[in-house]
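Hi everyone, thanks for making time. Let me put the sequence and the model up on the screen, and then we'll walk through a couple of spots together.

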Amino acid sequence: MNLEIDQDSLTAEIEELAAISEADPPVVTRIVFSPTDLKARAWLIARCEKARLAVRQDAIGNIFARWEGSEPNAPAVGTGSHIDAIPNAGKYDGVVGVLGGLEAIRSLQRCGFRPKQSIELLMFTSEEPTRFGIGCLGSRLLSGTMTPDAARKLVDKEDASLEEVRRKAGFVEPLEDVELGSVYYKAFVELHIEQGPLLEQRKIPLGIVTSIAAPASFRFSIEGAGGHAGAVLMPERRDALCAASELILAIEDAAKASGAIDTVATVGICNVFPGAVNSIPSRVSLTLDIRDTDLARRDTVMRAIEAARDAIATKRYVSIGEELVNADAPSQCAPEVVEALGQACAKHHFASMKMVSRAYHDSLFMSRIAPVAMLFVPCFKGYSHRPDEFASPEDIARGALVLAETLASLAS
Ligand code: GLV
Ligand code: MN
Ligand code: MN
């Protein structure tokens with residue numbers, strides 16, 4: 001089998017998709033079900049159809065592009081990722097797994113490979129949590145990790161429900177139809193940029209992911225008392241933003257004190273009400289994103305944060321509400337898929353290293369219904385979720401080649 005990746009056309013496709021953005025280049029922003037996202041989806045479907053793949057979309061907008069195998073009723077081999085992008089993002093997060101997956105399939109077609117199990121490319125809806133506050137919507141529903149009822153309760157910042165938004169985008173079937181069950185895929189492999197610096201620092205071109213860290217997210221709402229910035233004296237204040245500041249620092253301390261480098265906690269959103277220069281903040285809402293490779297340790301850190309929350313509320317005479325958005329368990333990748341990736345690297349004499357994924361991915365949820373592993377390619381300084389995110393065409397093509405080899409071995 002003489003597998004060859006068309007690096008130039010893969011690079012050109014990544015550039016073409018990057019141009020379908022809500023922001024000016026080099027910034028990429030593509031929020032789920034926005035007109036830009038719908039345009040990007042149509043563009044992707046056209047590329048898949050050009051590759052003679054049979055395309056279907058489910059009720060949440062996950063796209064499946066299938067190359068039918070000689071045993072079409074056997075469980076399929078899946079690959080793919082996402083094309084939505086957070087505000088002020090770059091070109092590669094998710095996109096490399098979708099377009100690299102498509103090019104891997106085309107390279108297998110070109111060299112005359114004939115799959116026994118069907119090979120299916122997936123584009124997952126809303127891996128990013130930007131619009132509905134929770135990530136991996138498509139894969140959560142596919143894997144049954146989120147119930148349709150829970151999904152129907154989601155609303156965006158404009159108070160538009162997921163139901164309303166998806167229907168407007170043309171996805172009208174019941175969400176109950178999305179779940180796939182555990183016999184649908186024989187295996188699932190996701191190609192992705194590392195989003196960390198290790199491969200680049202160690203000059204190793206490929207990372208084989210053996211476990212995916214567990215994310216949880218929470219919303220805190222702090223209620224104090226507002227008032228005139230000149231007239232209310234310091235001893236009388238119940239400033240919600242001062243309480244929030246203490247809570248943010250307590251979160252940082254708790255994550256640092258966990259004793260493990262794998263514990264990370266981030267407050268990425270802080271909304272202050274009323275947000276006037278001469279008014280004491282009366283209300284603040286915060287988001288917390290906390291992750292670990294060890295579920296028990298993450299829970300212990302969370303208990304420490306909650307103890308600090310209560311102490312701050314008492315000391316500052318404010319109330320601090322806490323709402324759980326999601327708390328997911330970490331995932332171990334499947335040894336047989338890890339092994340298939342390792343053999344594909346060895347066959348092409350590429351060095352690789354085993355690693356943990358600290359970002360979450362749709363693979364975390366696909367692992368609930370299928371044997372899963374991931375393949376990472378290096379990215380410049382580990383930058384991701386920013387416009388200067390960069391992965392070289394050579395590194396991406398190498399990843400697509402190993403992916404193609406792995407899909408071939410899993411689908412034979
Ligand atoms: C995914 O984008 C993540 O935040 O890990
Ligand atoms: Mn991302
Ligand atoms: Mn991603």
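Before the metals, one term: donors are N, O and S atoms within 2.8 Å of the metal (3.2 Å for Na, K and Ca), and water is not among the atoms, so sites may look incomplete. Also, this is a predicted model, where local features need pLDDT of at least 70, side-chain atom pairs count only at pLDDT 80 or more, and totals for chains, interfaces and linings use all residues. Residues are numbered from 1 along each chain as its sequence is written, chains are lettered from A and ligands numbered from 1 in the order in which they are written, and side-chain values use heavy atoms, with hydrogens and water left out.

Okay, the metals. Asp93 bridges two manganese ions, ligand 2 and ligand 3, which lie 3.7 Å apart. So who holds ligand 2? The protein donors are Asp93 through OD, Glu128 through OE and His385 through NE2, at 2.0 to 2.1 Å. Glu128 and His385 link distant parts of the chain, 257 residues apart. Glu128 sits in the loop between S6 and helix H4 (137-142), while His385 is in the loop between strand S18 (372-377) and helix H12 (393-410). Helices here are DSSP runs of H or I, at least four residues, and strands are runs of E, at least two, numbered from the N terminus.

Buried or exposed? Buried means under 20% relative accessible area, exposed over 50%, partly exposed in between, using a 1.4 Å probe and protein chains only. Glu128, at 4%, counts as buried. His385 is partly exposed, at 36%.

Last stop, helix H2: its buried residues include Trp43 and Leu44. Just after H2, Arg52 takes a positive phi of about 60 degrees.
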